[in-house]
Structure formats: structure tokens, C-alpha cells
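Trainee: I am new to this structure and would like to go through it step by step. Could you guide me?

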Amino acid sequence: MTDSTPHWYDDEAGPMVRLYAMTAGRARPGSEAFELMAVVGTGSRPADDTPVLSPEQHTILALCGERPRTVADIASDSGLPLGVVRVLLSDLLAAELIQVTPPVPPAQLPDAHVLKEVIDGLRAL
């Protein structure tokens, strides 16, 4: 007996889940804190107070539990699209399971001339 249902993806791709299913139909995060270079780390919430999480959210928490990562790194390492990662991070932030540190604005970074002087001073030691 053969299966007459059409396959819309190949067998090696594995099960296919639509992106809107992972984000409950949302396309935008609830917070604007998720720039590409924002650093995400895990919070210190008690384990007995953890809400029910999706497998993708567990993956993100596992990645951030190893070491803090940028939003871009989370998207790359999890294999999820950036927009989906931002929505999932928004949910994790609302549940207080992660902490987000925004990137340093370029205006607050030290001037290249100052850094060169420091390097020259260190070499002189």
C-alpha cells in the first residue's frame, strides 16, 4: 500500500513547523530591547516558578545558560530566524527568565586615538 498524500518537503528536512506556530501568530516582539548586538543572559528565577516553555524557548535558555550571547548569535546558534528569536526572547523577558543588556552606543565608545595611545603605552612597558 502506498501513501497517496503529497510531500511538500523532503524526508531529510524532518518535521516542518510554521514560524507563526512558534510565535503564536505574532510577528513583532513585545519589547524593543532586542537589537542585534544586545547581550542576553539567563536570569535567576527559581526552578519551581518556571512557566511552560516551548522547545525553542528551552533551546534559547540553554544557549544563554552556557554564557551570555548576542541576539544575532542566538539566532545563528539556534537555527531560528531572527524575527522568531526576537519574539521568543520577548516572552522570556516578560517571564523574567532572561536579562538583556543593550549594546553600548557608538558615541560612548572610546576614541580610536585614545585606544592607540593606551596600546602604545602598554608596549612601552
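Mentor: We shall begin with the overall layout and then turn to individual residues.

Trainee: What kind of model is this?

Mentor: It is a predicted model. The chain averages a pLDDT of 76, and 67% of the residues score at least 70.

Trainee: Where is confidence lowest, and where is it highest?

Mentor: Confidence is lowest in helix H1, residues 19-22, with a mean of 56. It is highest in strand S2, residues 69-70, at 92. Where pLDDT is low, the predicted coordinates should not be read in detail.

Trainee: How many helices and strands are in the chain?

Mentor: The chain has five helices and three strands. Starting at the N terminus, the order of the elements is α-β-α-β-α-α-β-α.

Trainee: How much of the chain counts as buried?

Mentor: Of its 125 residues, 25% count as buried. The accessible surface of the chain is about 9000 Å², and carbon and sulfur atoms hold 57% of that.

Trainee: And what about contacts along the sequence?

Mentor: Take the contacts with a separation of 6 or more: residues 24 or more positions apart account for 75% of them.

Trainee: Where is Pro103 found, and which residues does it touch?

Mentor: Pro103 sits in the loop between S3 and H5. Leaving aside residues up to four places away in sequence, Pro103 touches Glu35, Met37 and Ala38. Its relative accessible area is 25%, so Pro103 is partly exposed.

Trainee: Let us move to H4. How many residues does it have?

Mentor: Helix H4 covers residues 82-94, which is 13 residues. From first C-alpha to last it reaches 18 Å, close to the 18 Å expected at 1.5 Å a residue.

Trainee: Which residues of H4 are buried?

Mentor: They are Val84, Val85, Val87, Leu88, Leu89, Ser90 and Leu92.

Trainee: Where does Gln57 lie, and is it buried or exposed?

Mentor: Gln57 belongs to helix H2, residues 55-66. Gln57 is buried, because its relative accessible area is 8% and the cut-off for buried is under 20%.

Trainee: What follows H4?

Mentor: H4 is followed by Glu96, which has a positive phi, near 60 degrees. This residue lies in the loop between H4 and strand S3, residues 98-101.

Trainee: Why point out the phi of Glu96?

Mentor: Most residues other than glycine have a negative phi. Glu96 is not a glycine, yet its phi is positive, at about 60 degrees. Glu96 is also exposed, with a relative accessible area of 58%.

Trainee: Changing topic, how many salt bridges are there?

Mentor: The count comes to three salt bridges. Glu66, Arg69 and Asp77 are linked in a network of them.

Trainee: What are the distances in that network?

Mentor: The side chains of Arg69 and Glu66 meet at 2.6 Å, N to O. For Asp77 and Arg69, the closest N and O atoms are 2.5 Å apart.

Key
Residues numbered from 1 in each chain as written. Predicted model: local features only at pLDDT ≥ 70, side-chain atom pairs only at ≥ 80, totals over all residues. Heavy atoms only, no water. Helix = DSSP H or I, 4+ residues; strand = E, 2+ residues; numbered from the N terminus. Expected span 1.5 Å × (residues − 1). Buried < 20%, exposed > 50% of the residue type's maximum accessible area, 1.4 Å probe, protein only. Contact = heavy atoms within 4.5 Å. Areas by Shrake-Rupley, 256 points an atom, 1.4 Å probe, with all protein chains shown as cover. pLDDT = per-residue confidence, 0-100. Salt bridge = Lys/Arg side-chain N within 4 Å of Asp/Glu carboxyl O.
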